[in-house]
Amino acid sequence: MTRTDRYVLPELRRGRGALSRDSGRFERFRRVDEPDGWDIPKEVQALRTEVSEERPRSLINYVNSPDLSFDRTINPYRGCEHGCIYCFARPSHAWLGLSPGLDFETKLVARPDAAKVLDSELRARRYRVAPIAIGTNTDPYQPIERDRGIMRDCLSVLHAFRHPVMIATKGTLIERDIDILSDMASQNLVRVGITITTLDAELNRRMEPRVPSPARRLVTIRRLSEAGIPVRVMVSPIVPGLTDCEIEPILTAARDAGASAATWAMLRLPLEVAPLWEAWMDEHYPERKSRILSKLREMHGGKVYDSQFFKRVRGEGAYAALIAQRFTKARRRLGLDGGLPELNCAAFQPPPRAGDQLSLF
């Protein structure tokens, strides 16, 4: 295996997905770890999670992508401690001057004023309501949410405004917020997507090192659905030659747990994610690397990734068509093809603030 300039030894990165801390694409200089020349033993510590804070001036991020079902998102955190090696959001850390590799999962940014800023933006006269998506970049229920509670604060604001929201997560911490989510669900204001990439606990540990086990996520699907919260399973990403054999078992397990809909996406390797993924394959599954990359190139015109709309998520060609056919047939057979109800935008109403004069009628 070819090691990069900032390769980190396995014993120093236990519980992490990436193998290195290589600089992002915007850095003028390449950082290289070199010995200082002193022949003195020095204790090297394992990587620890570091959290800094950011005070955002705005929170709602508007997107204009024709292949997405939403036009706005919010992110309580930058970076994600889950450490999924395939995460297509890793390149966003390069904008901070940090590595999309290990920095993405160890140098996190919390946004403690997020709920306050969201409240202000939703009160603006120019604001027009439409569902907000959360979890499309980094997971709002990653481990640091347990202590920070920023996602719950944002969810409380959306609840107070009766604002529709779509949540995507792998984190079982979402169960903590069932009290809010169930009330929003009764007003048709929320739907949740739980991602399951594999049912193989060992593969899950390697590929998604700090994500709850697949079995535990199935329990979350059950608890949410029993609370009346619409849940879909997201089989994502499907990895050719590694997880593609699990489509039908995942859908069956999710249906049995209470999921009422299902979606899928193919493995995406944009920008710095491609070399990170290849290095991970070299370490864990070298015998499968050539087949996986060959299938990706087959779906993306000879490249491992194509960012074109409508092609980036599912690819094209014979293999992509076969996966789509298998998924569609299994979803129909299991009764997961009905989709989730449209969210209610008509209930939106800014709540009164302290000191506001209330209406007489």
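This dialogue reads several features of a predicted model.

Student: Which way do the side chains of strand β7 point, and are they buried or exposed?

Tutor: In a regular strand the side chains alternate between the two faces of the sheet. In the present case, Val165, Ile167 and Thr169 point one way from β7, while Met166 and Ala168 point the other way. Residues on either side are buried, and the count for the strand (residues 165-169) is 5 of 5.

Student: Which strands pair with β7, and in what sense?

Tutor: Strand β6 (residues 132-134) pairs with β7 in the parallel sense, over 3 bridges. Strand β8 (residues 190-195) also runs parallel to β7, and 5 bridges join the two. Individual partners can be named as well: isoleucine 134 has isoleucine 167 of β7 as its bridge partner, and methionine 166 has arginine 191 in β8.

Student: How many aromatic pairs does the structure hold?

Tutor: There are 6 aromatic pairs. One of them consists of tryptophan 264 and phenylalanine 327, with 6.2 Å centre to centre and 40 degrees between the planes. Planes under 30 degrees apart count as stacked and those over 60 as edge-to-face, so an angle between these limits is classed as tilted. The pair of tryptophan 264 and phenylalanine 327 is accordingly tilted.

Student: Why does this pair tie together parts that are apart in sequence?

Tutor: Tryptophan 264 belongs to strand β10 (residues 261-266) and phenylalanine 327 to helix α11 (residues 318-333), so their contact ties together parts 63 residues apart in sequence. Both tryptophan 264 and phenylalanine 327 are buried.

Student: What are the geometry and burial of the pair formed by tryptophan 280 and tyrosine 285?

Tutor: Tryptophan 280 and tyrosine 285 are tilted, at 5.7 Å centre to centre and 50 degrees between the planes. Both of these residues are buried.

Student: Which residues form a nonpolar patch on the surface?

Tutor: Phe26, Trp95 and Leu96 form such a patch, with about 340 Å² of accessible area together. Tryptophan 95 is located in the loop between β4 (77-78) and α1 (102-106). The relative accessible area of tryptophan 95 is 63%, so this residue is exposed.

Definitions and conventions
Residues numbered from 1 in each chain as written. Predicted model: local features only at pLDDT ≥ 70, side-chain atom pairs only at ≥ 80, totals over all residues. Heavy atoms only, no water. Phe/Tyr/Trp six-rings, centres within 6.5 Å; stacked < 30°, edge-to-face > 60°. Helix = DSSP H or I, 4+ residues; strand = E, 2+ residues; numbered from the N terminus. Buried < 20%, exposed > 50% of the residue type's maximum accessible area, 1.4 Å probe, protein only. Patch = residues over 30% accessible without salt bridge, like charges linked within 9 Å, V, L, I, M, F, W, Y side chains within 5 Å. Areas by Shrake-Rupley, 256 points an atom, 1.4 Å probe, with all protein chains shown as cover. Salt bridge = Lys/Arg side-chain N within 4 Å of Asp/Glu carboxyl O. Pairing = 2+ DSSP bridges.
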